[in-house]
Amino acid sequence: MAWLLWTPVVTSHPLLQYLQLKKKLEDEFPGHLDICGEGTPQVTGFFEVLVAGKLVHSKKGGDGYVDTESKFLKLVAAIKAALAQA
């Protein structure tokens, strides 16, 4: 399971980032992922990605959004490793 946590704000930028990443991951792993998202209305600045309970990407931790191919490939590698262990 991939878990994405984002902060909805007045603009839809974080939500748009989430939806784009969700679609890209579902296209990469069709039928193999259960992607859940949770907004954080009380806190700002979150865009966290957990794979099998492990934090693999953190905007708050300095990773920013998943906006480059290298960041996406890091997630792909983490998901492949989790699927191999399942």
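These are my notebook entries on one predicted chain.

**Ground rules.** I number residues from 1 along each chain as its sequence is written. The model is predicted, so I take local features only at pLDDT of at least 70 and side-chain atom pairs only at pLDDT 80 or more, while totals for chains, interfaces and linings use all residues, and side-chain values use heavy atoms without hydrogens or water.

**Fold.** I looked up the secondary structure and found three helices and four strands. Helices (H or I, at least four residues) and strands (E, at least two) are DSSP runs, numbered from the N terminus. From that end, I read the order as β-α-β-β-β-α-α.

**Whole chain.** I find that 31% of the 86 residues count as buried. Buried means under 20% relative accessible area, exposed over 50%, and partly exposed in between (1.4 Å probe, protein chains only). The accessible surface comes to about 5200 Å², with 58% of it belonging to carbon and sulfur atoms. Those areas come from the Shrake-Rupley method with a 1.4 Å probe; for residues, only the protein chains shown count as cover. I also checked contacts (heavy atoms within 4.5 Å). Among those between residues at least 6 apart in sequence, 58% join residues at least 24 apart.

**Core.** I took the largest nonpolar core, which has 16 residues. Such a core is a set of buried Ala, Val, Leu, Ile, Met, Phe, Trp, Tyr and Cys residues joined through side-chain atoms within 4.5 Å. L21, F47 and V49 touch the most other members. Helix α1, strand β3 (47-51) and helix α3 (69-85) each supply at least two residues. The largest share, five residues, is from α3.

**Aromatic pair.** I searched the whole structure and got one pair. Rings of Phe, Tyr and Trp (its six-membered ring) pair if their centres lie within 6.5 Å; planes under 30 degrees apart are stacked, over 60 edge-to-face, the rest tilted. F47 is in β3 and Y65 in the loop between α2 (59-63) and α3, so the pair ties together parts 18 residues apart in sequence. Both residues are buried.

**Q17.** I placed Q17 in helix α1 (residues 13-28). Q17 is buried, at 15% relative accessible area. Leaving out residues up to four places away in sequence, Q17 touches F47, Y65 and V66.

**Charge over a ring.** I noted K24, whose charged end sits over the ring of F72, 4.2 Å from its centre. The test is NZ of Lys or CZ of Arg within 6 Å of the ring centre and within 35 degrees of the ring normal.
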